[in-house]
Amino acid sequence: MANKTINTMNFLEEKIQTDGVIKEGNILKIDNFLNHQIDIDIIRQIAYELKRRFKGIEVNKILTIEASGIAIATMLGDVYDVPVVFAKKSETANSTDNKYVAQAYSFTHKKMNQVFVSRPYLHATDKVIIVDDFLADGQAVHALIDLVHQAGGEVTGIGIAVEKGQQKGGSTLREEGYRLESIAIIDSMDYETQTIQFRKSAPRR
Ligand code: 5GP
């Protein structure tokens with residue numbers, strides 16, 4: 001992929017710049033380190049960076065959604081030494097069937113999914129960090145928030161590897177008051193020129 005857009009990129013922005021492929025329809029493919037093959041070193045760095053940014057928040061569970069969030073969530077669960085739960089997707093899920101169920105429109109597959117977690121895995125005492133690989137319109141994260149709230153738990157943080165800042169998910173979640181941390185935020189990307197502009201990251205505290 002083409003030129004560096006800023007010279008203060010973090011490790012994930014650099015990896016995206018080197019290995020990411022922009023597809024038509026505003027889709028970024030990062031299959032060689034996150035969405036198909038998993039680069040454990042990058043995932044580990046994402047987990048440690050999220051923990052650093054979430055310093056001081058309470059957490060006793062990590063929640064993600066299958067499939068690509070699981071690698072990051074597992075590493076973060078290891079770093080915090082707390083259980084990891086992943087919501088499952090299904091075309092039909094019945095909330096009377098010992099599950100919490102929420103709806104999410106899939107940006108990549110262009111269809112409505114039901115997402116669910118079995119009741120024994122979410123509790124009213126849970127302080128949850130929600131994790132996912134990408135944040136676009138916020139459908140997946142809002143469905144996960146809904147599941148935590150159905151159980152009576154609290155969302156204490158939302159950790160994302162790649163936020164597509166040109167879509168509304170990030171701004172909506174911040175306006176709603178959630179503590180959202182995204183390691184790389186894309187402001188724009190162009191399929192024709194295969195270039196990406198990242199939002200300038202906040203300086204390290
Ligand atoms: P949202 O629910 O925020 O609209 O979209 C986030 C979900 O869609 C993520 O779970 C992710 O799997 C998928 N997604 C959205 N945009 C992209 C993208 O550009 N590339 C990839 N690989 N997945 C994406």
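**Close-up views of a predicted model**

**View 1. A loop that holds Ala67.** In this predicted model, Ala67 has its place in the loop that runs between β3 (61-65) and α4 (69-80). Take a look at the link between Glu66 and Ala67: it's a cis peptide bond, with omega at about 0°.

**View 2. Asp81, at the other end of a loop search.** Now find the loop between α4 and β4 (84-90), where Asp81 lies. Asp81 isn't a glycine, yet its phi is positive, at about 60°. Is Asp81 buried or exposed? With a relative accessibility of 70%, Asp81 counts as exposed.

**View 3. Asn26 and its positive phi.** Asn26 turns up in the loop between β1 (21-23) and β2. Asn26 is a residue other than glycine, and its phi is positive too, near 65°. Its relative accessible area is 25%, so Asn26 is partly exposed, as that takes a value between 20% and 50%.

View 4. The ligand sits in the largest pocket. There are 16 residues around the ligand, and those that come nearest are Leu28, Asp132, Ala136, Gly138 and Ala140. Sorted by class, this shell has seven nonpolar, five polar and four charged residues. Which element gives the most to the shell? That's β7, with four residues. β2 (27-29), β7 (127-135) and α5 (139-150) each supply at least two.

View 5. A ligand oxygen is 2.7 Å from a side-chain N or O atom of Asp132. A ligand nitrogen is 2.8 Å from a polar backbone atom of Leu28, and a nitrogen of the ligand is 3.2 Å from an N or O atom in the Asn35 side chain. On its own, the ligand has 500 Å² of accessible area, and the protein covers 89% of that.

Key:
Residues numbered from 1 in each chain as written. Predicted model: local features only at pLDDT ≥ 70, side-chain atom pairs only at ≥ 80, totals over all residues. Heavy atoms only, no water. Near = heavy atom within 4 Å. Polar contact = N/O pair within 3.5 Å; in protein donor to acceptor, adjacent residues only side chain to side chain. Areas by Shrake-Rupley, 256 points an atom, 1.4 Å probe, with all protein chains shown as cover. 1 Å grid on protein atoms, 1.4 Å probe; cavity = no way out; pocket = protein on both sides within 12 Å on 5 of 7 lines; lining within 4 Å. Sits in = over half its atoms within 2 Å of the grid points. Nonpolar A, V, L, I, M, F, W, Y, C, P; charged D, E, K, R; others polar. Buried < 20%, exposed > 50% of the residue type's maximum accessible area, 1.4 Å probe, protein only.
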